[in-house]
Amino acid sequence: MSSVDAICSAAAAAGAQVRSQVPLKTMTTFKIGGAARAVLSPRNEDQLKDILRACARADIHPLVLGNGSNVLFSDAGYDGVILHLEEGFSDIVLEGCTVRCGAGVSLSRLCRFALDRALTGLEFAYGIPGSVGGAAFMNAGAYGGEMKDVVVRCHHVSPDGTPGTLSGEGLGFGYRDSAYKHNGCVITAVEFALRPGDPAQIRAKMEELIGRRRSKQPIEYPSAGSVFKRPPGHFAGTLIEQCGLKGTRIGGAQVSEKHAGFIINAGGATCADVRALIRLVQDTVREKTGVLLEPEVMML
């Protein structure tokens, strides 16, 4: 029995859902990728602990996948273990103005929850196509707001199966970065400190921002969001547009004509298409401007 098979057996024995040969294009917003060898979905923290202990015994580090909104998988698929937190990690609990939210909850659902209870602070996150756990993991942000502005504590399970929390400076939030990108722990829940607000104003702000997204971003096409990190002193999309790359296409991958910071799956794009287009954009922008664009998308 292989190490991955042993982990799958331990997951099944713990009561978690175990799936094999799952098409990754069905689990990502890019709609690209081959098959995942093993996708494990624990239904509670105890099952997650058992899976992580089995991974530790096999010296395999699992990949945690939320809504798959910031990843690009290989056309050959993924031969490791994917953890998908959804059922069992979807509760939202309110205590005063603090919201504790399961890692598997979508940001849109969380924002609507806050709106319904007249709590402000999360408007910037409405429309970000990710999960709460993934957003905290990468300190997701938009329109002047970031997770670091509202997250006060993250609950997690460490690689050896030990539960714990991080808060304050321990969260290590930076630009599209957090301590969780480096410590191997799996986020299970996130606590947000929000403020009382006017429901009409909160709703209006959310509608304004989602309107801006629809008008300026190619949300009608599969993509992984902004492809590149914001280079110091510049905007990636502006640099790409200035270099005349809008609409440039390799295979099914295309630099969006609506927002040059996005590479879209214009139809039948492969991982190889996207990677080739990323390299072309990087080389062209560096040659013409001297700026090296660093990918924000995780390429697996």
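Before I count anything, let me say that helices (H or I, at least four residues) and strands (E, at least two) are DSSP runs, numbered from the N terminus. With that in place, the protein chain has eight helices and 19 strands. Please keep in mind that this is a predicted model, in which local features need pLDDT of at least 70 and side-chain atom pairs count only at pLDDT 80 or more, while totals for chains, interfaces and linings use all residues. Residues are numbered from 1 along each chain as its sequence is written, and side-chain values use heavy atoms, with hydrogens and water left out.

Let me start with the overall form. A compact globule of 300 residues would have a radius of gyration near 19 Å (taken over C-alpha atoms, the rule being 2.2 Å times the number of residues to the power 0.38), and the protein chain agrees with this, having 20 Å. Along its principal axes, the C-alpha trace spans about 55 × 55 × 30 Å. Of the 300 residues, 49% count as buried, where buried means under 20% relative accessible area, exposed means over 50%, and partly exposed lies in between, with a 1.4 Å probe and protein chains only.

Now to the sheets. Strands of a sheet pair through backbone hydrogen bonds, either parallel or antiparallel, and here two strands are said to pair if DSSP finds at least two bridges between them. Strand β1 runs antiparallel to β2 (residues 35-41), and six bridges join them, with S20 standing opposite A38 in β2.

Two bridges join β15 to β18 (residues 262-265), and the bridge partner of S223 in β18 is I264.

Next, consider strand β13 (residues 186-193), which is largely enclosed by the rest of the structure, because seven of its eight residues are buried. Strand β7 (residues 98-102) pairs with β13 in the antiparallel sense over five bridges, and R100 stands opposite E191. Strand β11 (residues 151-157) is also antiparallel to β13, through six bridges, and here C154 has V190 as its bridge partner.

That brings me to the cysteines. How many disulfides does the structure hold? It holds zero, a disulfide being a pair of cysteine sulfur atoms within 2.5 Å. For C8, the nearest cysteine sulfur, that of C55, is 8.9 Å away, and C8 counts as buried because its relative accessibility is 14%. The sulfur of C185 is too far for a bond, since the closest cysteine sulfur, in C154, is 11 Å from it; C185 is buried, with a relative accessible area of 14%.
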